[in-house]
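The structure is shown here, and the account of it comes after.

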Amino acid sequence: MKIHRLHKKQNLPITKEQAWAFLSDPKNLKTITPDHMGFDIISGADRPMFAGQIIQYEVTPILGIKTKWVTEITHVVHNEYFVDEQRFGPYALWHHKHFIKEIDEGVEMEDIIDYKLPMGFLGQLGHPLLVKPKLKEIFEYRSKKLEEIFGTYKTVDKNK
């Protein structure tokens, strides 16, 4: 079975501490998820992020089908990175690494998601038609929403 990867980077004009405060608060995930996905946190977002934290969501990812999604925060290094892994939900595998790196005049946020679809061959058929475009849409929305909240990063020309 094929394991797919989505790799995104975004630069924002904020400090590492600001980025961490926002990204490590599970309640902010609703803010950066498209409304039509019906994303709601059921439990587990009432404490600051820690390794072993279980967070339960309801989400309507495709075709209006509501599903539960349970993730575990498996690794946390304060102000650097965290990893969430699906324990129950729509994927056969979901492993999402979130990195924050200081750059000139801001931060670079990097997401690396390794995922595998359920249902074998049928799941693979749905990847280019449903899953890949939906993930692309979600992360484009997320990028635009973060720019609305924090502003747009401007590249600095050091040769001037």
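The largest nonpolar core has 29 residues, and those with the most contacts inside it are Tyr91, Trp94, Val107, Tyr115 and Leu135. Such a core is a set of buried Ala, Val, Leu, Ile, Met, Phe, Trp, Tyr and Cys residues joined through side-chain atoms within 4.5 Å, where buried means under 20% relative accessible area, exposed over 50%, and partly exposed in between (1.4 Å probe, protein chains only). Two or more residues each come from β1 (4–12), α1 (16–23), β3 (54–59), β4 (67–77), β6 (93–103), β7 (106–116) and α2 (120–150), and α2 gives the most, with 5 residues. These elements are DSSP runs numbered from the N terminus, helices being H or I of at least four residues and strands E of at least two.

This is a predicted model, in which local features need pLDDT of at least 70 and side-chain atom pairs count only at pLDDT 80 or more, while totals for chains, interfaces and linings use all residues. Residues are numbered from 1 along each chain as its sequence is written, and side-chain values use heavy atoms, with hydrogens and water left out.

Leaving aside neighbours within four places in sequence, Trp94 is in contact (heavy atoms within 4.5 Å) with residues including Trp69, Ile113, Tyr115 and Leu135.

Strands pair if DSSP finds at least two bridges between them; β3 and β4 do so in the antiparallel sense over 6 bridges, with Glu58 opposite Lys68 in β4. Antiparallel β4 and β5 (residues 81–88) are joined by 7 bridges, and they form a hairpin with 3 residues between them, where Asn79 in the turn has a positive phi of about 65°.

Asp104, in the loop between β6 and β7, counts as partly exposed because its relative accessibility is 39%.
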